[in-house]
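Take a moment with the sequence and the model before reading on.

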Amino acid sequence: MKNFSLSTLLRENIKNIRPYSTARDEYSGVALVNLDANENPFGAVDGSANNRYPDPYQTPLKQVVAQIKGVPANQIFLGNGSDEGIDLIFKAFCNPGVDTAIICPPTYGMYSVSADINDIRCVSISLTEDFQLQTEKIMQAIDEHTKLIWICSPNNPSGNLIKRADIEHILNNFSGMVIVDEAYIDFADEPSWTLSLAQYPNLIVLQTFSKAWGLANIRLGIMFASKEVIAVINKIKLPYNLNGIVQTLAQEILEQHASIKDIFVRDILHERAWLVEQLQQIKTVQKIYPSDANFVLVKINDAHALYLYLVANGIIVRDRSKIELCEDCLRITIGTHEENVLLVEKIKAF
Ligand SMILES: *Cc1c(COP(=O)(O)O)cnc(C)c1O
């Protein structure tokens, strides 16, 4: 990328911010007596060890994540879902009411919601009909206030990977931050952009444990970036952003069950192929968009009516029919075989 300078890019107030220093920041060893954090010395009301504040930087958990993902721990931020990461990126880089971000709809809704909450204007450069980037239009839309470009790959709700060459072009020619949201990368047949972190100081990659890992309930998202960017994010995050129960549980799960994820992914891809084949045989289905994720976008006659019919039959899919480029489309998550069979039956009966 041209002329990248992290300190120029950061908000002035963030650049010089002095973060809250927790009791755990000031002393992190094992002591005989801990009287520094106003904790209850007797234990928790249930007799557990939940009376103690957790590790603000999740050091042991991060080590496990670093090993699984092949990225050094100092280039990792763990958050309360990737949604926390999205919010912190706006907070770090965008002056409210002044700076802007480019988003490429149809895409994940949280980028613009988080931007709105932070009073950041989003400039929308739609994807093409086949859900790829309009790279030249994006480049033309950049001005001195553009701090961020959000790219979702595989994209939600379309399901497809965004072409590497287009993302590379933007990384090379934009001196702001480029965020590649890889929530669905575990289902895709392409390497993660984390492999390119050393090459691009303006790259941020988001991943999550909510999808392929089956851990949506524990809320654990990951941000990967240069160690300089991660240091800034660590300064502005809430002091104890991940509770200790999640840290311990996640560490245990990742140490013991990492290979289960691959079995899940294999089964879901198998089911996706089955569902696509079934849907292709249904007359009212006009188009099934190619998917690199655990869902398919399906163009179907009278999608909204079908959506209501499915709801009435206890099957909830995502109605995307009012969204640009998704007219008459439903987004269907790949379920278990039994669930998919039931879905196909109901669509046929509609
Ligand atoms: C599901 C999803 C996320 C994950 O959010 P979490 O907060 O980690 O559960 C992030 N980005 C996209 C595009 C998603 O679809």
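An oxygen atom of the ligand sits 2.7 Å from an N or O atom in the side chain of Ser210. That is a polar contact, meaning a pair of N or O atoms within 3.5 Å; within protein, one must be able to donate a hydrogen and the other to accept it, and residues adjacent in sequence count only if both atoms are side-chain atoms. The ligand returns at the end.

This is a predicted model: local features need pLDDT of at least 70, side-chain atom pairs count only at pLDDT 80 or more, and totals for chains, interfaces and linings use all residues. Residues are numbered from 1 along each chain as its sequence is written, and side-chain values use heavy atoms, with hydrogens and water left out.

Start with the sheet of seven strands. It is open, its pairing is mixed, and its order is β1-β7-β6-β5-β4-β2-β3. Strands (E, at least two residues) and helices (H or I, at least four) are DSSP runs, numbered from the N terminus. Two strands pair if DSSP finds at least two bridges between them. Which strands stand at the edges? They are β1 (76-79) and β3 (121-124); each has a single partner strand, so one side of each is left without a neighbour in the sheet. On average, neighbouring strands of this sheet are turned by 25° against each other, direction ignored.

β2 and β3 run parallel and are joined by four bridges. Here Ile102 stands opposite Val123 in β3. Strands of a sheet pair through backbone hydrogen bonds, either parallel or antiparallel.

Helix α5 (residues 82-93) lies across β1, β2, β4, β5 (177-181), β6 (203-208) and β7 (221-224). Contact here means heavy atoms within 4.5 Å. The helix runs at about 160° to β4. Axes are lines fitted to C-alpha atoms, for helices over the stretch in contact, and angles run from 0 to 180 degrees between N-to-C directions.

Now move to the other sheet. This open sheet has four strands in the order β8-β9-β11-β10, with antiparallel pairing. Its edge strands are β8 (285-288) and β10 (318-319), and each pairs on one side only. A hairpin of six residues joins β8 to β9. β8 and β9 (residues 295-300) pair in the antiparallel sense over three bridges. Val285 stands opposite Ile300 in β9, and Ile288 stands opposite Val298 in β9. Helix α11 (residues 303-312) lies across β9, β10 and β11 (329-333), at about 40° to β11.

Next come the loops. Most residues other than glycine have a negative phi, and most peptide bonds are trans. Where are the exceptions? Asn38 is one: its phi is positive, about 55°, although it is not a glycine. Asn38 lies in the loop between α3 (23-26) and α4 (59-69). A cis peptide bond joins Pro105 and Pro106, with omega about 5°. Pro106 lies in the loop between β2 (100-103) and α6 (110-117). The bond from Ser153 to Pro154 is also cis, with omega near -5°. Pro154 lies in the loop between β4 (146-152) and α8 (164-173).

A ligand oxygen is 2.9 Å from an N or O atom in the side chain of Asn156. For the side chain of Lys211, the distance from a ligand oxygen to an N or O atom is 3.3 Å. Taken alone, the ligand exposes 380 Å², and the protein buries 94% of that. Accessible areas come from the Shrake-Rupley method with a 1.4 Å probe; for residues, only the protein chains shown count as cover.
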